Amino acid sequence: MRTKMKHLMAVMVASLAMTNTVDAKVRLPHLVGDNMVVQQQSAVRLWGWAKPGAVVKVSPSWSKTTVKVKTDNSGRWHVRVSTPQASMTPHSITFDDGESLTINNVLIGEVWVCAGQSNMEMPVKGFENCPVDDYNHVVADAVGSSAIRSVKVPSVMSTRPLDDFQGEWRVGSPQTVGDFSATGYFFARMVSRTLQIPIGLIEANKGGSRVESWLDESNLRRHTKEDLDSATMHQRFRWDFHYPLLWANGTFHPILNYTVKGIIYYQGCSNVGDPGNQYSERLKLLVEQWRRDFALGELPFYFVQIAPYHYGDNQGTGGALLREQQYRASTIIPNCAMVPTVDAVYPYESQQIHPAQKQKVGERLAYSALKKTYGCQQFICDAPTYRNMEVKGDTVYVRLNHLEGGINRLEGLEGFEIAGSDRVFHPVTGTYNWRHGVMLVSPEVKHPVAVRYCFRNFALGNVANQGGLPLIPFRSDDW
């Protein structure tokens, strides 16, 4: 308890120190520095601090125009600079208030935020006892990845919103790629190679965080019953990563001035057990909050459905209900897509909260961005979903959406269960393709009334569409 209190006090002191201004040379936030990627064809925001009342000149190498701004009484300044089309050409930006400061090796491309909890934070080199598949191959392949840049915001709690953090942009290479978010890196690699442009990743996440960890004070007070007294949070939560508000203030708020293209998000495990529609409504609220705070319109939001995990009982349904809430969120949040992971876990990973197959996850997020954001219509990015069911005798006919030409296999479909009026589900032993979906039978259910697919904490399915995207877990009942 004392350790947690000391940690909180240290964070509060650090937040005060970090926001102090200086009286001399221009100071920039750590997001604005060497090796950064700035959003193409935009009025990008640049900001910092200098002596109160000073005039700061901002001169980007890609333009003949110098932008001037006068600092306010606290020494803050803020400008917008127009950027051209993306390219691999390195640029510089000079800031001058009488003493010049130049940042170098700046690329113009697309910038994405990597948000969420530990499965987004998980680096290419993995965590202890939690590897990422094909690590050595990824390192070798990173020889040509200098167009992919990343900056990691340290996971910091704060009782009030911070304006800066300690960190710097990293250039993709065999020496650095191991520390990149694995999901983020595989996303960026696919987008960068397809579009032939630089990609910048801003990693602002915290392992174990809840959706409430990222809501701001106003939303938490208006829409939740969370107690925001930081002095007593350690009494209410077993782990500090479950704290509300403080992670939003310390880890996410410092990036809100930056000009970005969109957000990819992987979170939800710590909200398993939430009642009713609470999670989907709060995720929707969070997306609205971030879109408001970035002030860049309806930013694309692409997120990951939590992977199969035992949650104390492989046959339980707590995880399945959270996945159901995530699917619901994907239907009520505009400019949004969800990628499923029911096939991205190995059978021996039932108690592994950090599955190894991160390349599938990152690339599926990339497919959504490439098609829905960048207009690459040749990509298949929508996973199959349940439409409806019809019973004829002992056979259930399940119609599916987004098959994109058919199902990936003719036989051996796994993951389905059906039940009769007794509400007892039995595995399906007979599965058959038909042009609208699948036909299901079980000798133990003569008069089926309901069907489920991978609706367990840990259940692996193998049904996918022509693009290899897996069927999203579902249930036809509401039991």
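A residue counts as buried when its relative accessible area is under 20%, as exposed when that area is over 50%, and as partly exposed in between, using a 1.4 Å probe and protein chains only. By that rule, 57% of the 479 residues of the protein are buried. Please keep in mind that this is a predicted model, in which local features need a pLDDT of at least 70, side-chain atom pairs count only at pLDDT 80 or more, and totals for chains, interfaces and linings use all residues. Residues are numbered from 1 along each chain as its sequence is written, and side-chain values use heavy atoms, with hydrogens and water left out.

**Overall build**

- The protein has 10 helices and 21 strands; these are DSSP runs numbered from the N terminus, with helices (H or I) of at least four residues and strands (E) of at least two.
- The radius of gyration is 24 Å, which agrees with the value near 23 Å that a compact globule of 479 residues would have. It is taken over C-alpha atoms, and the globule rule is 2.2 Å times the number of residues to the power 0.38.
- Along the principal axes, the C-alpha atoms fill a box of roughly 85 × 50 × 40 Å.
- Among contacts (heavy atoms within 4.5 Å) with a separation of 6 or more, 73% are between residues 24 or more positions apart.

**Surface and charge**

- The accessible surface comes to about 19,800 Å², and carbon and sulfur atoms hold 48% of that surface. The areas come from the Shrake-Rupley method with a 1.4 Å probe, and for residues only the protein chains shown count as cover.
- There are 49 positive and 45 negative side chains, and the centres of the two sets lie 4 Å apart.
- In that tally Lys and Arg are positive and Asp and Glu are negative, while His and the chain ends are not counted. Each charge is placed at NZ of Lys, CZ of Arg, CG of Asp or CD of Glu.

**Aromatic rings**

- Rings of Phe, Tyr and Trp (its six-membered ring) pair if their centres lie within 6.5 Å; planes under 30 degrees apart are stacked, over 60 edge-to-face, and the rest tilted.
- The whole structure contains 23 aromatic pairs.
- One of them joins Trp77 and Phe95, whose ring centres are 5.8 Å apart with planes at 40 degrees, so this pair is tilted.
- Trp77 sits in strand β5 (residues 76-82) and Phe95 in strand β6 (residues 87-96), so the pair ties together parts that are 18 residues apart in sequence.
- Trp77 is buried at 3% relative accessibility, and Phe95 is buried at 0%.
- Phe180 and Tyr185 have ring centres 5.9 Å apart and planes at 90 degrees, so their pair is edge-to-face. Phe180 is buried at 0% relative accessibility, and Tyr185 is buried at 0% too.
- One aromatic cluster is formed by Trp214, Phe252, Tyr265, Trp290, Phe294, Phe301 and Phe303.

- His354 lies in the loop between β13 (336-339) and α10 (358-373) and is buried, with a relative accessible area of 12%.
- Leaving aside neighbours within four places in sequence, His354 touches Ser118, Asn119, Met122, Phe127, Cys130 and Glu349. His354 and Asn129 are 225 residues apart in sequence, yet their C-alpha atoms are 9.5 Å apart.
- Ile202 belongs to strand β10 (residues 199-205) and has a relative accessible area of 0%, so Ile202 is buried.
- Beyond neighbours within four places in sequence, the contacts of Ile202 include Leu31, Val111, Trp112, Val151, Trp169 and Tyr258.
- Val106 is part of strand β7 (residues 100-116) and is buried, with a relative accessible area of 0%.
- With neighbours within four places in sequence left out, Val106 is in contact with Gly33, Met36, Val38, Trp62, Thr89, Pro90 and His91.

**Backbone points**

- Most residues other than glycine have a negative phi.
- Gln196, which is not a glycine, has a positive phi of about 60 degrees. Gln196 is in the loop between α4 (182-195) and β10 and is exposed at 57% relative accessibility.
- Asn335, also not a glycine, has a positive phi of about 50 degrees. Asn335 is in the loop between α9 (318-332) and β13 and is partly exposed at 30% relative accessibility.
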